[in-house]
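User: I have a structure open and want to go through it piece by piece. Can you help me read it?
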Amino acid sequence: MKCLEINKIYDYLEGEISSEERIEIEKHLSVCPTCSRILRERKILLESIKEIPKIEPPPDLVNKIMDKIIGPRISWVKVFIYSLSISFIFSLFSIILLKVTKESVSSIFLNFTNSLLNTIRYVTIFLAKLMKVITLIFKVLEQIIGDFVVLLKSMSSLELKLQIMVILTTIILTGLIFILYFPFKKILVKT
Amino acid sequence: MKTDDKKLIEQVLKGKKEAFEMIIKKYQTPIVNYLTRMTGNYNDAIDLSQEVFVKAYFSLNSYDFRYKFSSWLFKIASNLCIDRWRKRKIKTISLNHSLKEGKDFYLQVSDKKPSPIEKYEKKELVKKIEKAIDRLPLDLKELFILRHINELSYQEIAQIKNIPIGTVKNKIFRAKERIKYLLEKEK
């Protein structure tokens, strides 16, 4: 058998030959030092090629591609946690202020929460007029809020009144921030 | 093609966009490896990888289920890569350049002296090979990468590049011998 062609040696090393060819090649290699040497070199080359390190894609690649396909994805849990945290900080700050400067700041706070409730009341009325289907629901809501304001106004204890207002404001702000998440979109987008 | 891919593609085509995320997760590493080796620049490769998957997503309707999905994806990657070169007018060697080269590198090697390849330390040799790959003519480089970095079959490469399997084998053989020649020349 004459000496092996180098491409055959590669095929042999890469397992791209038939079993008959393999036997023939091995037979020749056992008697030909030149071909054995060529094979040894190519084997080193192929083994080293296999050692070439794999390149890892960046961890955010999948999200970046998905953002391009379906737009930025919002993590609703994150949005809710952010809203709750902001409201909690606000409430905590309000309570501290109330404790420290009872009269002056508390009246401002009371006015603020009253305005907030009244605004919601008007918005509720407007929506009720706009959407006939849910008119009844909003009227009831308006009634409840109205009654609540009256109830609060009729309460004699200022401290109890303020505590209720703080809780109510926390709930309302949580809801509002939860809905108005758009300004925070970039921060809240999943990374 | 693998059933997994088929199922995922069918889900995407039915409107379940999230199924495409699984496809990206599965193929991001081979595509990034292919493009990094091809462009020689990681950031360019990442940009191109994004383009590849976005293009694949929006052309998924034209995907033919008879072929392997990976082949189709690599075809997109290859086309985008070549387009990028053309647009940027990066200094390139003609795609047919290596075909016209008359030198048969392997014939020049003497079999009497010990080969320099055997003298290299393994780590050093791997680094030298990486550099040598970079110096290959584009067509040889691409086929070599598809075969030895992405570990695709000759059949699959022939499908991706739309050339006969014999040509693929021949060019990859030439690429390996060119690498060996460059390594020996350097030592």
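User: What pattern does chain A follow along the sequence?
Analyst: Read along the sequence, chain A goes α-α-α-α-α-α-α-α-α. That makes nine helices and zero strands. Keep in mind that this is a predicted model.

User: How much of chain A is buried?
Analyst: Buried residues make up 13% of the 191 residues in chain A.

User: And which residues are buried in α5(A)?
Analyst: A:Ser83, A:Ser87, A:Ser94 and A:Leu98 are buried there. An α-helix has 3.6 residues a turn, so residues three or four places apart point the same way.

User: Why should helix α5 of chain A span 36 Å?
Analyst: Helix α5 covers residues 76–100 of chain A, so its 25 residues at 1.5 Å a residue should span 36 Å. The end C-alpha atoms are 36 Å apart, which agrees.

User: New topic. How many residues of chain A are in contact with chain B?
Analyst: 25 residues of chain A are in contact with 32 residues of chain B. On the chain A side, α1 (6–13), α3 (33–50) and α4 (61–70) each supply at least two residues.

User: How do the residues on that side of chain A divide?
Analyst: They divide into 16 nonpolar, three polar and six charged.

User: Now chain B. At what angle do α2 and α7 cross?
Analyst: The axes of α2 (residues 19–39) and α7 (residues 138–149) of chain B cross at roughly 145° and come within 10 Å. The crossing of α2(B) and α7(B) is right-handed.

User: Which residues make the contact?
Analyst: α2(B) uses B:Asn33, B:Tyr34, B:Arg37 and B:Met38, while α7(B) uses B:Glu142, B:Ile145, B:Leu146 and B:Ile149. By class, five are nonpolar, one is polar and two are charged.

Definitions and conventions:
Residues numbered from 1 in each chain as written. Chains lettered and ligands numbered in written order. Predicted model: local features only at pLDDT ≥ 70, side-chain atom pairs only at ≥ 80, totals over all residues. Axes fitted to C-alpha atoms, helices over the stretch in contact; angles between N-to-C directions. Helix = DSSP H or I, 4+ residues; strand = E, 2+ residues; numbered from the N terminus. Left-handed = near helix turned anticlockwise from the far one by under 90°. Contact = placed C-beta atoms within 7 Å. Nonpolar A, V, L, I, M, F, W, Y, C, P; charged D, E, K, R; others polar. Expected span 1.5 Å × (residues − 1). Buried ≥ 20, exposed ≤ 12 C-beta atoms within 10 Å, placed from the backbone.
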